[in-house]
Amino acid sequence: MRRALVPDIVNLQAFECAARHQNFSRAAEELNLTQSAVSRQISELEQQTGLKLFERIRRRVILSEAGRRLLPEVKELLARSERFMIGAVAAGQMKASLRIATLPTFGAKWLVPRLGSFLAHHQDVAITVESRAKPFSFEEDNFDLAIHFGQPTWAGGVSTFLCHEKVLPVACPRLADRLKGETSDFLSQAPLLHLTTRPKLWAEYCRVHDLSVENAFVGLRFDQFSMITAAAVAGLGVALSPTYLIEDEVRSGALAPIANLAMSTENAYYVVRPEEKRTSSVVDLFQQWLLSEVGETDHM
């Protein structure tokens, strides 16, 4: 990294504040600086970037075209810096910290409801959970561990099998009762709900169970299982959902299985950790806890 290209954070703060107020004097008041200090910091940033960031019109300053392009990135950099410091302060009060990446729905429906059992035995671990829908670079995102669905391949990561996925057709009780009274091809007339990222899931299910595939690609489409679950509860169709995702809805009676014909999908869930953290004791603890929790919920 070339230090000459690393911006001074106070110069970025001065730029963001002046851009927000479109006034150097108001920016100086907010930052508890003199107007000349704010002008100097912005001038330093302009010299470093080679860009003219403001147009000075009479007593006003307005962002230049270059300044408008730069502002969103500066805001994001300042926000990330603030999050970093808040996380560092929080982790500093604990003996260890864990930053976990998880699939959004898996995190909300399976991981978070069980997290209390880990914290009960490890109260001195500061945990941050963030959602990631796709694989990422551990070098760019400093996660200690990721929960991944797919194949056990991840650049720069070591994968450990967590569990298979089983999917089951479910619907609201009214629709489920009607379909149970149909013939063996109980899905032939059913409105199906589809996941855009897994468009062949219903076709594969019908093939495995020798059911009609005439309408296997027809129906409403959503990009998250959580929306498919909401659509099924609302009576919009039949969802082919991972069993872990619909535990609460089945337990409460909001959804009911149409038939006990589950299917194990080709892909599975894996715990992935960066190669350089394969010997981390706190990551070991969390991975072992995950595996033990899956062992208790064998229906996944």
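**Overview. The structure holds 15 salt bridges.** A salt bridge here is a side-chain nitrogen of Lys or Arg within 4 Å of a carboxyl oxygen of Asp or Glu. This is a predicted model: local features need pLDDT of at least 70, side-chain atom pairs count only at pLDDT 80 or more, and totals for chains, interfaces and linings use all residues. Residues are numbered from 1 along each chain as its sequence is written, and side-chain values use heavy atoms, without hydrogens and water.

**View A. R20 forms salt bridges with E16 and with E30.** The closest N and O atoms are 2.9 Å apart for E16 and R20. These two sit four residues apart in helix α1 (residues 9-21), so about one helical turn separates them. Helices are DSSP runs of H or I, at least four residues, and strands are runs of E, at least two, numbered from the N terminus. For R20 and E30 the closest N and O atoms are 3.0 Å apart. E30 lies in helix α2 (residues 24-31), so this pair ties together parts that are 10 residues apart in sequence. E16 is buried, at 14% relative accessible area. R20 is partly exposed at 45%, and E30 is partly exposed at 43%. Buried means under 20%, exposed over 50%, partly exposed in between (1.4 Å probe, protein chains only).

**View B. Strands β1 (residues 54-57) and β2 run antiparallel, joined by four bridges.** Strands pair if DSSP finds at least two bridges between them. I57 stands opposite R60 in β2. In β2 (residues 60-63), V61 and L63 form the covered face, R60 and I62 the uncovered one.

**View C. R99, E130, R132 and D141 are linked in a network of salt bridges.**
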